[in-house]
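This report describes selected features of a predicted model. Please consult the sequence and the structure below while reading.

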Amino acid sequence: MAVTVVTGSASGIGAAVRAQLERAGHRVIGIDRQNADVVADLSTAGGRKAAVEAAIAACGGVLDGLVCCAGLGPTAPSSSVIVGVNYFGMADLVDGLEGALARGQKPAVTLIGSVASVHPGMDKLPMVSAMLAGDDQAALAQADAMAMPQAAYAGSKYAVAVFARRKAVALGPKGIRINVVAPGAVETPLLDASRADARYGEAIRKFVAPVGRNSAPDEIANVVLFLQSEQASFVHGTVIFVDGGMDAMSRSDRF
């Protein structure tokens, strides 16, 4: 039986991923702030360390998969919390569980990014450079100094995609695949909070994919399940947009 860790497993995309993996025969170790096998706050370095240690104990040091779904949007309490969960809550788990994954059977890692990552200028942000350098203190301070939660969200998701592309070169020789799924708008509690927000709600309600609707969590989980399976055995280091055409709409001359 494959053993897979899923962060953000208590709701939204993470809950859908957990359910689909379990139906496919995986034993899932869920990590979330509540209602999970491992209860941890991924916004803090201490919480991330505790999550890694608990996950390793739960899998006996041998892991076949990791899916990082935990994430926060612009309505989070602060920009630094967004960066802490979305980027470092992913990077520290991938790095901390790499040894266990290397001992697993055909291990695979899937990270949840976002179509927001393609917003122009993300690669120029000092906050993003600090994230990719692993400097959490600088990244968190710069995120709060910007006081732009939307940029913190998009920047963190851009950094997730770059992390995966870079990490693919190192993980491939170890037999570990890593990929990113970049959703558009997904009907989750996170989207509900954003739609209800006085600052961003109107813009979010107007931003509709070419297919004319938002996705359901299961539609994202379908792609994650594929990436975690042997059917995707030669898919490595790529970003798959599952966004109803949002990326095509905003960057029709790019592919």
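## Two helices side by side

Helix α3 crosses α6 in a right-handed sense. The axes of α3 (residues 79-102) and α6 lie 8 Å apart, and the packing angle is about 15°. Angles under 35 degrees count as roughly parallel, so α3 is described as roughly parallel to α6.

Residues of both helices make this contact. On α3 they include Ser79, Ile82, Val83, Asn86, Tyr87 and Met90. On α6 they include Pro149, Ala152, Tyr153, Ser156, Val160 and Phe163.

## A strand enclosed on both faces

How many of the seven residues of strand β6 are buried? Seven of the seven residues in β6 (residues 177-183) are buried, so the strand is largely enclosed by the rest of the structure. The burial extends to both faces: one side carries Arg177, Asn179, Val181 and Pro183, while the other carries Ile178, Val180 and Ala182.

Strand β6 has paired strands as well. It runs parallel to β5 (residues 108-112), to which five bridges join it, and valine 181 in β6 stands opposite isoleucine 112. Four bridges join β6 to β7 (residues 239-242), and these two strands also run parallel. In this pairing, proline 183 stands opposite valine 242 in β7.

An α-helix has 3.6 residues a turn, so residues three or four places apart point the same way. Helix α9 (residues 217-227) can be read with this in view: Pro217, Ile220, Ala221, Val223, Val224 and Leu227 are its buried residues. They are on the same side of α9 because they cover an arc of only 160° around the axis.

Against which elements do the buried residues of α9 pack? Their partners are α1 (12-23), β4 (65-68), β5, β6 and β7. The enclosed strand β6 is thus one of the elements that α9 packs against.

## Two loop residues with positive phi

Asparagine 35 is not a glycine, yet its phi is positive, at about 55°. This residue is located in the loop between β2 (27-32) and β3 (38-39). Is asparagine 35 buried or exposed? Asparagine 35 counts as exposed because its relative accessibility is 67%, and the cut-off for exposed is over 50%.

Alanine 147 is another residue other than glycine with a positive phi, near 55°. The loop that holds alanine 147 lies between α5 (136-146) and α6 (149-171). With a relative accessible area of 57%, alanine 147 is exposed.

Notes
Residues numbered from 1 in each chain as written. Predicted model: local features only at pLDDT ≥ 70, side-chain atom pairs only at ≥ 80, totals over all residues. Heavy atoms only, no water. Buried < 20%, exposed > 50% of the residue type's maximum accessible area, 1.4 Å probe, protein only. Pairing = 2+ DSSP bridges. Arc of directions from axis to C-beta. Contact = heavy atoms within 4.5 Å. Axes fitted to C-alpha atoms, helices over the stretch in contact; angles between N-to-C directions. Parallel < 35°, antiparallel > 145°, perpendicular 65-115°, else oblique. Left-handed = near helix turned anticlockwise from the far one by under 90°.
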